[in-house]
Amino acid sequence: MQAQKIQQLFVRYKILALLIAVALIWVFFHVKTESAFITPGNLSNLFRQMAITGMLACGMVFIIIAGEIDLSVGSQLGLLGGVVAILTVNLGWGTWPSIGAVLLLGLVIGAFNGFVVTKMRVPSFIVGLGGMLAFRGIVLYVTGSSTIAPAPDDLVQLGQGFVPPMLSRWIGALIFLAMIGLTVRRRVRRSKLGLHQVALWMDVGRLVLIGAVIFGFIRMLNDANGIPIPVMILLALLAVFTYVSTQTVFGRHIYAVGGNMEATRLSGVNVARVKLVVFALMGLMCAFAGIITVARTGSGSPSAGTGGELDAISACFIGGTSMRGGSGTVYGALIGALVMASLDSGMQLMDVDNSWQMIIKGVILVLAVWVDVLSGSNRNA
Amino acid sequence: MSEYLFEMRDIVKEFSGVRALNGINLAVRPGECVGLCGENGAGKSTLMKVLSGVYPYGTWSGEILFDGKPLKAHSVRDSEAAGIVIIHQELMLVPQLSVAENIFLGNEIRKFGGVMDYDAMYAKADALLARLKLKDVNVAAPVMNYGGGYQQLFEIAKALAKNARLLILDEPSSSLTSSETDTLLSIIEDLKRDGVACVYISHKLEEVARVCDTVTVIRDGKHIVTKPMSEMTTHSIITAMVGRDIENLFPKVEHEIGEVIFEARHVTCWDVTNPNRKRVDDISFEVRRGEILGIAGLVGAGRTELVSAIFGAYPGRYEAELVLEGKPLKVKTPEQAIKAGLSLVPEDRKRQGIVPLLGVGDNITLATLSHYAHAGTIDRQAELQTVDAEIKRLRVKTASPELAIMGLSGGNQQKAVLTKMLLPNPKVLILDEPTRGVDVGSKYDIYKLMFELATKGVAIIMVSSEMPEVLGVSDRVLVVGEGRLRGNFQNVGLTQEQVLAAAISHAAEGPAHAA
């Protein structure tokens, strides 16, 4: 009975199991690397590495929840990164107009993919496969297969810079206050409408925990140089995507479409539009990831983002997204990305051979999904 | 009294502390057919899973005797080897494979090296089908060429190919027309004469009364009664199933019928795969405020196509002129239909009704989510308030509105789907088989709700294959046969025979015809 209770706890709070897994991985590498892993400097690097996969995973988790897949995101990243490099380096556009144009282009490319999937009814797997080739081909064509460098300083700053420590503290404090405000508002509203109320200690406990995580995170990274800008962008995206998935009509419709498209259509939901927007958002995320990739490396490489789709998809599945659609969370996918990034970073520190890195990551992906299947949480009706 | 072929004694099965089965007894003699009755959620499916080895020996307590010897099945294969075969409600055939390949699936006749012996399989399949009085079947043709009635019989042939001595039929007639059901029942009677024992699970008590020798009723996982059919009536079975005396299955309430509110003219639907074939051929009808209009007909007559076209949900090409409250109505998608004031509760709950992983509450508000939202953000508290009220009003049994709807019984799922489509406040409510696979208690609640809505002036169009339901609930009955309107009767002194006669007046008789 006890074991069953623990299992139920994990099924309900999948995130708990994932966080424990991350902690175990960190402790393992920390011991193995003679205390070089859990240091502000290394973790700062790790989070920065994770940011790009994380951005793709944000978009991908919606795609998978909606019951689709997009294999072209790595090539989309390469193309959009290439465009931002061409605009700033070759054509001499300003950094911000270039970023705006590329974000818009990402939306358009994503919407185009969505159009082919929903209106022309080509399975998304095929659209992704075709896009993977075609978009990569376009990158090679527009860049002439050569690296475009150097990116302007203000663009590079976006990828390599840090948020000033004081500003991070202020942002953290604002978020914390907002969480308190939302919790209080919910309690007031619930008592006014006579709805079931969560126990007070649970709400307080939750807030204390959130506060500890926010300020612990800021403090740790401020001990290095501060929060890397890409990480701050990723956290903002996490907030936006979580809000969209849990609090908005559109978010609920994504889960409904992935859970049972026919029932959702008969409930009067425009399922094609939901999917189209999900694909457009994926394109937008590819633009974010592409821009940050160029900013980090200071150059637009025609091979940027190769294999990025696999990292993003793995992150979603490790994070507990159901392969059949209809369930999954954004924060789960980001923790999945954190798992992948931690493995990368730890094995690099340990100087593990690249061949072994790939083998281990592959095995971990399959293992993680197997554990998920075992726990029964991925069982659909 | 002959010896029992099969006996289950004191079966107890628990799921994490909840007793789903609590001391069930069931016994069958050779050549006997036992009817197993109970509401949805009473434990019938759990019992069948224990019986057929889905829940292996040791995960439940009690004992099973087969041929007087204890049966310890660890898997479905073990129980099939002993001669117990279950035929599920949803047919388990592979549509693309041939009839013979399906009959011998997992049980193929092989030559050396695993090569299939098609000649032997075709010959034996022919022999098996002849035993079921099916003579015009090409056993080398894909199963999907044949209709539901044939497919049900293929399942039985498949069971016989495994030398079944105990056949368990779970709601075998749920997708059959009445003439197909007739054929099925007479075949079961033949099998009984050959000494095959059956357990017949059905909500349709007339069928149980016709084919079963003994009836066992279970309720809430407990054994209630086992008696020879001759000592039971449908009324006493229902009383045992529900645990209370339901005086009148149809709680008819007098309601006023007003002016014509909705008209459908010249509805025509073409087959999705065969553009030359009309599934619905120029049907026109109207419905009045507060009127319950029943649409009767055989399965496949085109009733579902008719109502989905009206709702803008028909997948193929169709034409329809609609008039709502005297104004012409343009409806191309369900979204537009709901906005205009039409609601449809679809026939296939699992495929078209529920989103299984979403919570009961999320399912209930799926069609009206924007009502609780400001600028795209859901006001969860307002949503929850509506959900709580609706769950109470319709007596949906769920531990919490956040629970995934797939955990609910069929009747409660149906109530949730109904609620979902009522929340947009439709002027015209279309119900397609509203009580299919729903237990007696929930049926009663659904009928009560329909009369309540009619009293408030909602026009209700109900498609149903259950004749007593059509006659018990409707004010007026339309009969559809082969895509055409075959009759339009005021429901005053109307009999099942009249409706059936209209339904088959031009239709080809016999078991389902090849599609």
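**Exercise 1. Decide whether helix α5(B) is mostly covered or mostly open, and describe its length.**

Step 1. α5(B) is mostly covered, with 13 of its 14 residues buried. This comes from a predicted model.

Step 2. Place the helix. α5 spans residues 148-161 of chain B.

Step 3. Check its reach. From first C-alpha to last, α5(B) covers 20 Å, close to the 20 Å expected at 1.5 Å a residue.

Step 4. Look just past the helix. There Asn163(B) takes a positive phi of about 55°.

**Exercise 2. Describe how α14(A) and α15(A) pack.**

Step 1. Know what to report. Two packed helices are described by the angle between their axes and the distance between the axes.

Step 2. The axes of α14 (residues 308-318) and α15 (residues 330-349) of chain A come within 7 Å and cross at roughly 115°. The crossing is right-handed.

Step 3. Name the residues that meet. α14(A) brings Asp311(A), Ser314(A), Ala315(A), Cys316(A) and Ile318(A). α15(A) brings Ala333(A), Gly336(A), Ala337(A), Val339(A) and Met340(A).

Step 4. Sort them by class. The contact has 7 nonpolar, 2 polar and 1 charged residues.

**Exercise 3. Work out which elements of chain A touch chain B.**

Step 1. Start with the totals. Chain A gives 26 residues to the contact and chain B gives 29 residues.

Step 2. List the elements. On the side of chain A, α8 (165-193), α11 (249-259) and α12 (261-266) each give two or more residues.

Step 3. Pick the largest share. It comes from α11(A), with 6 residues.

Step 4. Sort by class. This side of chain A has 9 nonpolar, 12 polar and 5 charged residues.

**Exercise 4. Locate the largest nonpolar core, and follow Leu56(A) within the model.**

Step 1. Give its size. The largest nonpolar core has 177 residues. Those with the most contacts inside it are Leu56(A), Ala57(A), Met60(A) and Ile460(B).

Step 2. Find the main contributor. Helix α13 (residues 271-297) of chain A gives the most, 19 residues.

Step 3. Trace Leu56(A). Beyond its neighbours within four places in sequence, its contacts include Val73(A), Leu77(A), Met285(A) and Ala289(A).

Step 4. Note a second, separate core. It has 76 residues, including Ala125(B) and Leu153(B).

**Exercise 5. Find the cis peptide bond between Ala149(A) and Pro150(A) in the chain, and give its omega.**

Step 1. Recall the background. Most peptide bonds are trans.

Step 2. Read the angle. Omega of the cis bond joining Ala149(A) and Pro150(A) is about -10°.

Step 3. Pro150(A) lies in the loop between α6 (124-143) and α7 (153-160) of chain A.

Key:
Residues numbered from 1 in each chain as written. Chains lettered and ligands numbered in written order. Predicted model: local features only at pLDDT ≥ 70, side-chain atom pairs only at ≥ 80, totals over all residues. Helix = DSSP H or I, 4+ residues; strand = E, 2+ residues; numbered from the N terminus. Expected span 1.5 Å × (residues − 1). Buried ≥ 20, exposed ≤ 12 C-beta atoms within 10 Å, placed from the backbone. Axes fitted to C-alpha atoms, helices over the stretch in contact; angles between N-to-C directions. Left-handed = near helix turned anticlockwise from the far one by under 90°. Contact = placed C-beta atoms within 7 Å. Nonpolar A, V, L, I, M, F, W, Y, C, P; charged D, E, K, R; others polar. Core = buried A, V, L, I, M, F, W, Y, C linked by C-beta atoms within 7 Å.
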